[in-house]
Amino acid sequence: MPEASRVDSFCLSDFDQSVGNHLENAVELNGNPVHNLLKVSSQTISPGPVHLGTSDRLPTSVDKGQFTYLEDRLSLLAQKLRSTNQVIIPSCDTENQEWSAMADGSPRTDISTDADTDDKNQRFDGGQSLAIGGSDSSDRSKDKTDQKTLRRLAQNREAARKSRLRKKAYVQQLESSRLKLTQLEQELQRARQQGIFISSSGDQAHSMSGNGAMAFDVEYARWLEEQNRQINELRAAVNSHASDTELRMIIDGVLAHYDEIFRLKGIAAKADVFHLLSGMWKTPAERCFLWLGGFRSSELLKLLVNQLEPLTEQQLVGITNLQQSSQQAEDALSQGMEALQQSLSVTLSSGSLGSSGSSGNVANYMGQMAMAMGKLGTLEGFIRQADNLRQQTLQQMHRILTTRQSARALLAIHDYFSRLRALSSLWLARPRD
Amino acid sequence: MDRVKDLASKKAAVIFTKSSCCMCHSITQLFYELGASPAVHELDNDPYGRQMEWALRSLGCNPSVPAVFIGGKFVGSSKDVISLHVDGSLKQMLMDAKAIWF
């Protein structure tokens, strides 16, 4: 063991061979000699259960007596080393504080009385006398000092032991907290990807202060829940062949609920337009089809046409026209967005790119930024009109279709997005290499 | 206001815009897509631009641009145009004003 041999060369010159054997057999040591001292001393065998971290290895066959003995020798050696400035004691260690306390509490003469203490120690095997620094025989006759020393050593041992146990418990607590924190962070990250906000401190749902994005995510999650409930009600009504009147009531509720999400998106667009545009409030698969912060009405209608049959001639014309109109409006809005992007690029790249600054250039820069800011401000308008388009398309569809067809259409739309969301969940949970 | 009304009556489809307004670009593109050839007046390039903008606002147009007139009559801003297009009314209006024929 290279580590042990390092300990051998540095520390064990003051010990005789028996102590060296104890050290080698008893504990796993790392490279830092002082750390080794501290570590060996921490292998206290207490009457109760042993509190060991995973990094400590302790042969269970070593008995209490041997370790207490080792502790004493090592504590005194540490004092000696510190007093002779042969080693730098690491800071920020409660154990070291204990060490310091012990060092400060015991006068230098303790070192020389060590052998005496050991002689009086009944737990020690074999009663071997050991030398530290060679000055161990001068004070055998002073009983009072011996008793004081015994008591002090015992107290120190006890204090050190308690300190070590406290430290161990604290460190374990920190470790488990850290682990839990990492787990929670991962959970949060996963949930955010799915566009669900998990409130970390109380209920922020009703306050728009702080973070508009988070507030919207909360509202959206709630909106989805309510929509699921309404759709289930609608599905039950359709399956049970409810009357048109009853269906109409539920459908009106569903449409009003759609109005609600567009209203919420309007508020969110004011607070954080980029959050809406990013689609981070939606699940990954939904984000794939993202257009101006939401779904494409024209695509939705294309999907629905097949499922809505039979349609009358008039209805078919109506739906086809609707699809075409929404497509045209979408194209128009997309072109406007492209123009905005181009305009923004031109604004930011005009003037003197890359040249050194002068007062004129600074004014230019400020002017450019101001203009760019103005352009960014118009993004909200685009999202607003995109949502307007979605809302109008849904309402027009409802006008063209019969009550029962509308019900089926709303169910189909919900099912489609549900499947996209389910796909997202599967995707996020997929096994990876 | 007079100038606005005057310009609006000169063609079947008239759109008041600003050169920097990208939403105006969208609405104008929509009209082209429908086959209409609207007269486009940029307020920021008109000497009476400011008064015209004020006049448009007083008509209830918010934001003031794009402001759409069909057959001399005020139709609305982008929101109104999109809504009317979705329910088919826009096309009908354009046909009635002879801005388009199909």
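The points below are grouped by topic.

The model is predicted. Helix α4 of chain B, residues 78–86, packs against helix α15 of chain A, residues 379–400. The axis of α4(B) also comes within 9 Å of that of helix α13 of chain A, residues 313–349.

**Helix α15(A) with helix α4(B)**

- The two axes lie 9 Å apart, at an angle of about 30 degrees. Because angles under 35 degrees count as roughly parallel, α15(A) is described as roughly parallel to α4(B).
- The crossing of these two helices is right-handed.
- From α15(A), the residues Q385(A), N388(A), L389(A), Q392(A), T393(A) and Q396(A) meet S78(B), K79(B), I82(B), S83(B) and V86(B) of α4(B).
- The residues of this contact comprise three nonpolar, seven polar and one charged.

**Helix α13(A) with helix α4(B)**

- The axes of α13(A) and α4(B) cross at roughly 155 degrees, and the pair is therefore roughly antiparallel.
- On the α13(A) side, L322(A), S325(A), Q328(A), A329(A) and L333(A) meet I82(B), H85(B) and V86(B) in α4(B).
- This contact divides into five nonpolar, three polar and no charged residues.

**Nonpolar cores**

- The largest nonpolar core has 76 residues, of which Y258(A), L333(A), M397(A) and F16(B) touch the most other members.
- Helix α10 of chain A, residues 244–278, gives the most to this core, with 13 residues.
- Leaving aside residues up to four places away in sequence, Y258(A) touches W223(A), Q227(A), L394(A), L410(A) and I413(A).
- A second, separate core has 18 residues, including A332(A), A12(B), L30(B) and I100(B).

Key. Residues numbered from 1 in each chain as written. Chains lettered and ligands numbered in written order. Predicted model: local features only at pLDDT ≥ 70, side-chain atom pairs only at ≥ 80, totals over all residues. Heavy atoms only, no water. Axes fitted to C-alpha atoms, helices over the stretch in contact; angles between N-to-C directions. Helix = DSSP H or I, 4+ residues; strand = E, 2+ residues; numbered from the N terminus. Parallel < 35°, antiparallel > 145°, perpendicular 65-115°, else oblique. Left-handed = near helix turned anticlockwise from the far one by under 90°. Contact = heavy atoms within 4.5 Å. Nonpolar A, V, L, I, M, F, W, Y, C, P; charged D, E, K, R; others polar. Core = buried A, V, L, I, M, F, W, Y, C linked by side-chain atoms within 4.5 Å. Buried < 20%, exposed > 50% of the residue type's maximum accessible area, 1.4 Å probe, protein only.
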